[in-house]
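These are my notebook entries on a structure that I went through entry by entry. I record what I looked up and what I found.

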Amino acid sequence: MSGENVQSNDACRLPWTPPPAVDVEVLPAGKWWDSVRAAPRVGERALELLGEDTGAVIQDKYGTLYWLIEVGSAENWCLRQVRVLTEMADESTYLGVPPISRTEGPGAHWRVPLSADRYLTDAFKLREALAAADRAELGPVPQGRQLCYRCQLPTDEPVIVAVEHSGSVAGATIYACPSHARTYPRDAVAEAGAMRRALGRDKIR
């Protein structure tokens, strides 16, 4: 049996397959599935943590990862650099879906191929993996909105990048949005001390 026939038979056993296309097709979230989008750093760590528990995963040309989950199973998620794509009351949300046969880049492709045995990811397991990846990659989660030191805009996804101090006295905590956290000059020793001081002052949960 040829590889093409095997792929065709496998597709027939799937609960859903992308429409036949030669390129990425934009499809609405909330109809067959919702999707969870994670930035590369957090997404890669979560994928590693999930292991064999992951379902199919799309990766776009920027390295962003997208999991497919059951519709309505990811309500009220609040994780840094993670977004849930679903149907909204007043707007539609779309996801670029590559052909089922495209399993390599460049461009959008199935990082974890879609198959009859690997389709939706369990939302609970995915959230646990993403939460652990969030803490591992971005550090402890500060409470509430904070102002980014760089863009000077409030962010719901603050990352502690430093704690100003004079001598042995700790001062103000410096926050950044996830995008600008990556550009803050890093000092591993000072950063670790800042985290300990912030924890001691109950500035994070």
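**Entry 1: salt bridges**

I looked up glutamate 137 and found its side chain in a salt bridge with that of arginine 41, at 3.4 Å from N to O. I take a salt bridge to be a side-chain nitrogen of Lys or Arg within 4 Å of a carboxyl oxygen of Asp or Glu. Glutamate 137 belongs to helix H3 and arginine 41 to helix H2, so this pair ties together parts that are 96 residues apart in sequence. I noted that helices (H or I, at least four residues) and strands (E, at least two) are DSSP runs numbered from the N terminus. Arginine 41 counts as partly exposed because its relative accessibility is 34%. My classes are buried for under 20% relative accessible area, exposed for over 50% and partly exposed in between, with a 1.4 Å probe and protein chains only. I also noted that Arg41, Arg45 and Glu137 are linked in a network of salt bridges.

Before going on I recorded the basis of these entries: the model is predicted, local features need pLDDT of at least 70, side-chain atom pairs count only at pLDDT 80 or more, and totals for chains, interfaces and linings use all residues. Residues are numbered from 1 along each chain as its sequence is written, and side-chain values use heavy atoms, with hydrogens and water left out.

I next looked up lysine 125, which forms a salt bridge with aspartate 53, with 3.7 Å between the closest N and O atoms. This pair links distant parts of the chain, 72 residues apart: lysine 125 is in helix H3, and aspartate 53 is in the loop between H2 and S3. Lysine 125 is partly exposed at 39% relative accessibility, and aspartate 53 is partly exposed with a relative accessible area of 41%.

A further salt bridge joins the side chains of arginine 102 and aspartate 23 (3.5 Å, N to O). I found arginine 102 in the loop between S6 and strand S7 (109-112), and aspartate 23 in the loop between helix H1 (3-12) and strand S1 (25-28), 79 residues apart. Arginine 102 has a relative accessible area of 24% and is therefore partly exposed. Aspartate 23 is also partly exposed, at 46%. By this rule I count 7 salt bridges.

**Entry 2: nonpolar cores**

Which residues of the largest nonpolar core touch the most other members? I found Val36, Trp67, Trp77, Val82, Leu126, Leu130 and Val161, out of 31 residues in this core. The elements that give two or more residues to this core are strand S2 (34-38), helix H2 (40-50), S4, helix H3 (123-138), strand S10 (159-166) and strand S11 (169-176). H3 supplies the largest share, 7 residues. A nonpolar core is here a set of buried Ala, Val, Leu, Ile, Met, Phe, Trp, Tyr and Cys residues joined through side-chain atoms within 4.5 Å.

I then listed the contacts (heavy atoms within 4.5 Å) of valine 82. Leaving out residues up to four places away in sequence, valine 82 touches Val36, Arg37, Ala38, Val42, Leu130 and Glu157. A second, separate core has 15 residues, among them Ala29, Ile58, Val97 and Tyr119.

**Entry 3: threonines in loops**

Threonine 86 sits in the loop between strand S5 (82-85) and strand S6 (94-97). Is it buried or exposed? Threonine 86 counts as buried because its relative accessibility is 19%. Its side chain makes a polar contact with the side chain of aspartate 34 at 2.8 Å. For a polar contact I require a pair of N or O atoms within 3.5 Å; within protein, one must be able to donate a hydrogen and the other to accept it, and residues adjacent in sequence count only if both atoms are side-chain atoms. Beyond four places in sequence, threonine 86 touches Ala29, Gly30, Asp34 and Thr93.

Threonine 64 is in the loop between strand S3 (57-59) and strand S4 (65-69), and its relative accessibility of 13% makes it buried.

**Entry 4: whole protein**

I recorded 5 helices and 11 strands. Of the 205 residues, 41% count as buried.
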